[in-house]
Amino acid sequence: LNDTAMHDVLELCERFKQKIGKPVDVGIELNCAIVSTLWKILGDEQFTHDDPLLTKTFTEMFRSFEAINYIPSVVFHSWTEPFVFYESGKQGLATIYSLLKEGTEVFLDRVALHKQENHAISRDYIDVYMKEMERLSVDGKPHPSINDDQLILNLRALFIAGSETTSTTIRWGLYFLIENPDVQRKCQAEI
């Protein structure tokens, strides 16, 4: 894991070096590095910053975050019809469901590939989960809560929560360093 994270950090540093002296939005660059490391843990695959799947995934993820802004468009009418979504709320939900479906297909593809491989040696989260599914199955029937559907839900949750939380924390840290040059100099000296 350390080598994986270091590889992504060094690639991120190289990308930042290319932009020295220019304003830069660290969000996408940072998210790419984080997702690459996270996906190595979950699915034993590493991405480059210009990987089409990674770009597509981020585009969809950001579109779903934007669509969330429209969901609270709800009006309370009466006890017989308690909630009515404004059209923008309906569109927001439809967008989120569509993007979740597309994202789920990426995870389904990766799980299908793992099923074709021998996962006797655990390389990642998917392998460990699949071994546990095998161990808990009874007479070939899957466990009611440790199954393929739950694996996909777990992957989606870990991917979204892990990437966005980590990215936001690091961006706040960078902002703090920018706003406090004395702390920034101390950090640079320590490193």
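Trainee: At what angle do helix α5 and helix α6 pack?

Mentor: About 155°, with their axes 11 Å apart. Helix α5 covers residues 125-136 and helix α6 covers residues 148-179. Axes are lines fitted to C-alpha atoms, for helices over the stretch in contact, and angles run from 0 to 180 degrees between N-to-C directions. Helices are DSSP runs (H or I, at least four residues), numbered from the N terminus. This is a predicted model, where local features need pLDDT of at least 70, side-chain atom pairs count only at pLDDT 80 or more, and totals for chains, interfaces and linings use all residues. Residues are numbered from 1 along each chain as its sequence is written, and side-chain values use heavy atoms, with hydrogens and water left out.

Trainee: Are α5 and α6 roughly parallel or roughly antiparallel to each other?

Mentor: Roughly antiparallel. That label is for angles over 145 degrees; under 35 is roughly parallel, 65 to 115 roughly perpendicular, and the rest oblique.

Trainee: New topic. How many salt bridges does the structure hold?

Mentor: It holds 10. A salt bridge is a side-chain nitrogen of Lys or Arg within 4 Å of a carboxyl oxygen of Asp or Glu. Side chains of opposite charge can pair when their charged atoms come close.

Trainee: Which residue does Glu-29 pair with?

Mentor: Arg-15, with the closest N and O atoms 2.5 Å apart. The pair links distant parts of the chain, 14 residues apart: Glu-29 is in helix α2 (residues 26-43) and Arg-15 in helix α1 (residues 2-17).

Trainee: Is Glu-29 buried or exposed?

Mentor: Buried, at 9% relative accessible area. Arg-15 is partly exposed, at 27%. Buried means under 20%, exposed over 50%, and partly exposed in between (1.4 Å probe, protein chains only).

Trainee: Which residues are linked in a network of salt bridges?

Mentor: Lys-40, Asp-44, Glu-117, Arg-123 and Asp-127. Asp-44 meets Lys-40 at 3.0 Å, N to O. Glu-117 pairs with Arg-123 at 2.8 Å.

Trainee: And which residues form a nonpolar patch on the surface?

Mentor: Met-6, Val-9 and Leu-10, with about 270 Å² of accessible area together. Leu-10 is in helix α1. Patch residues have over 30% relative accessible area and no salt bridge; nonpolar side chains (Val, Leu, Ile, Met, Phe, Trp, Tyr) are joined within 5 Å, like charges within 9 Å. Areas come from the Shrake-Rupley method with a 1.4 Å probe; for residues, only the protein chains shown count as cover.

Key: Helix = DSSP H or I, 4+ residues; strand = E, 2+ residues; numbered from the N terminus.
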